[in-house]
Each structure stands twice: as C-alpha cells, then as structure tokens.
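Please look over the model shown here before reading the notes on it.

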There are 2 protein chains.
Amino acid sequence: MARSSTTSDVFNAIAEAQRRDVLDHLATGEQPVGAIVSGLSMSQPQVSKHLRVLREVGLVRCRAEGRRRLYHIEPASLRPLQEWLAPYERALNDRLDRLDDYLNELQRQGEPQ
Amino acid sequence: MARSSTTSDVFNAIAEAQRRDVLDHLATGEQPVGAIVSGLSMSQPQVSKHLRVLREVGLVRCRAEGRRRLYHIEPASLRPLQEWLAPYERALNDRLDRLDDYLNELQRQGEPQ
DNA sequence: TTGACCCATGTCGATATAGGAATATATAGT
DNA sequence: ACTATATATTCCTATATCGACATGGGTCAA
C-alpha cells in the first residue's frame, strides 16, 4: 500500500507546503487563479492541480465569473485539524514560559534532520 | 518529483492517520512500544517505523529502560502546526454561530468524496 | 550459554504522488 | 469565424512511501 491520497483528508491535503502557500494567499480574500500564479510564481497547471486537491477536500470553493474562476477559502473545513490539535494546545500553552522548550526548538531549527 | 518526505515536516508526519493515532495514544503519558502495539492493534514493525518518523521530526522522544523504549510526546514540536492554523482560527470561531457552515459540514460528512 | 523478550531495521511490491510539457476547454472580443 | 485569454486536464518520469514478512540486535533470566 502506498501513502494515503492527498485528497483523502484535510491533513494530507495541507501536508504539501505549496498548498499551504496557496491557502495563505487566498487568506487575503477571493482571488482568480492567475493572481495566485503570479503571486506565488508557480506554473499555472501546478496551481490548478493544487486547487483541485484543495477543492476535493473542501478547503476551497470556487465560482465562475466570465472566463475566470474565483477561489475562496472555506474556513470550516479546517475544523478537523483544529479539533485534533485542541487537546495538545493545553500542553503547548502551558509550556510557553519554560525556557528549555524554547531552547529545544531553536536547536531543532539550527540542526535540521 | 514525488511527494515530500514524511520526515521533512511535522505536517507531512501527521498526515498519516495511524501516526496521529500513535500520538493520541501517547497523549495519556509515556509508554513502551508494546503498549502502542497492543493498544492500537498494529504490527510491531509498523509501530516502530511510525515512531521513527515521529522521532525524526521531533514529535516524540524516547529513552531506553532495560529492553524497553519509553516514548513520550514533545508538545512543543506541534507549534508550527498551531502557528499555521492560528490565522484561520478567527474565521473558524467567528462562524460557529452561523447555521449554514454547520449544515455544510454535516453535508460533507454525509457524502464523502 | 541458551533462550525468551522487546524493539529496530531491511527487503519487496503496489501505489500515488509532484512537476514539466503539451493540450484541451471555455469565454470574450473583433 | 477567428484570436486572445483564463483555466483545466492529460501524459510522462522519478521518487517515496505503507504494509507484510523476515531478520538483526540488545537485554534479562535461568
């Protein structure tokens, strides 16, 4: 068996950094594909394919306007992610004042892998 | 190019549902591998490989105790996820009172794909 | 030392990607 | 009808999985 499909899940869909970039770009508001292409300097087919994945998991929605398609984020679709993360947020926030955690993170950033 | 490595990122690491299950199981506290194997009824090599991925991205840490290895979660490693999600949480929570979002989610759950 | 136990690692197969290039589809304008 | 524009889709290849199975490597006990 291979890795789960990118369209099987919100988790798998946002695993790709470029797809998160597309979402972050759409966070400013509804935009046509061309704006994303020039904004993120990715190829147009790439963007279309990423948008397709995001659409299939419900992260974005689009409406046609002339020959353009305006995409927008569907924030509610991020809820599974939020809900999975919720139980851990307590621990995450409780430790914000602990120095060693901060140092560990710096160390992890310094020596990747 | 293929999909990014599962060990390249926290996002890629938690894309796999089984790995999230392992993390959720460890959320109750430090546990040896065998407890995860029997708790989640996965094969032992599977669990070891998943733990390896989680270790390489810093999501878990382990210490040896006799012939057992005790794994525990490193909550700070979830911070990139939390930080990426943060800007969207506003929209997520603002809409909790909007009925159509709730209905959309129900509909999405009812008819997968 | 032998064996039981706990865990990690290697191999193999099927599968699904991401990216580039080319092409298809649809709409608008002349 | 024809052209230009905006977007989607198809074909291709290299790559990296996940799962099953087998095996390697410490560690404890007798």
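## Basis of the report

This is a predicted model, in which local features need pLDDT of at least 70 and side-chain atom pairs count only at pLDDT 80 or more, while totals for chains, interfaces and linings use all residues. Residues are numbered from 1 along each chain as its sequence is written, and chains are lettered from A and ligands numbered from 1 in the order in which they are written.

## Fold of chain A

Chain A contains six helices and three strands. Helices (H or I, at least four residues) and strands (E, at least two) are DSSP runs, numbered from the N terminus. Read from the N terminus, the order of elements in chain A is α-α-β-α-α-β-β-α-α. Chain A has 113 residues, of which 22% are buried; a buried residue has 20 or more other C-beta atoms within 10 Å of its own, an exposed one 12 or fewer, and a partly exposed one a count in between, with C-beta atoms placed from the backbone.

Two residues are in contact if their C-beta atoms, placed from the backbone, lie within 7 Å. Among contacts in chain A with a separation of 6 or more, 51% are between residues 24 or more positions apart.

## The sheet of chain A

The three strands of chain A make an open antiparallel sheet in the order E1-E3-E2. Strands E1 (31–32) and E2 (60–65) of chain A are at the edges and have a single partner strand each, so one side of each lacks a neighbour in the sheet. Helix H2 (residues 17–26) of chain A packs on this sheet and touches E1, E2 and E3 of chain A; its direction makes about 95 degrees with that of E3(A). Such axes are lines fitted to C-alpha atoms, for helices over the stretch in contact, and angles run from 0 to 180 degrees between N-to-C directions.

E2(A) and E3(A) are antiparallel and are joined by six bridges; strands pair if DSSP finds at least two bridges between them. Within this pairing, Ala64(A) has Arg69(A) in E3(A) as its bridge partner.

## The hairpin of chain B

In chain B, strand E2 (residues 60–65) runs antiparallel to strand E3 (residues 68–73), with six bridges between them. Cys62(B) has Tyr71(B) in E3(B) as its bridge partner. Two residues lie between E2(B) and E3(B) in this hairpin, and Gly66(B) in the turn has a positive phi of about 65 degrees.

## Contact between the chains

In the interface, 28 residues of chain B contact 28 residues of chain A. On the chain B side, helices H1 (10–13), H5 (79–94) and H6 (99–110) each supply at least two residues. H5(B) gives the most, with ten residues. By class, this side has 14 nonpolar, five polar and nine charged residues. Ala, Val, Leu, Ile, Met, Phe, Trp, Tyr, Cys and Pro count as nonpolar, Asp, Glu, Lys and Arg as charged, and the others, Gly among them, as polar.

## Surfaces near DNA

There are 27 residues around DNA strand D, and Pro32(A), Gly34(A), Pro45(A), Ala2(B) and Gly66(B) come nearest. A residue counts as near if its C-beta atom, placed from the backbone, lies within 6 Å of the strand. H4(A) gives the most to this surface, with six residues.

Around DNA strand C there are 26 residues, of which Ala2(A), Pro32(B), Gly34(B), Pro45(B) and Ser48(B) come nearest. The largest share, six residues, comes from H4(B). This surface has eight nonpolar, ten polar and eight charged residues.
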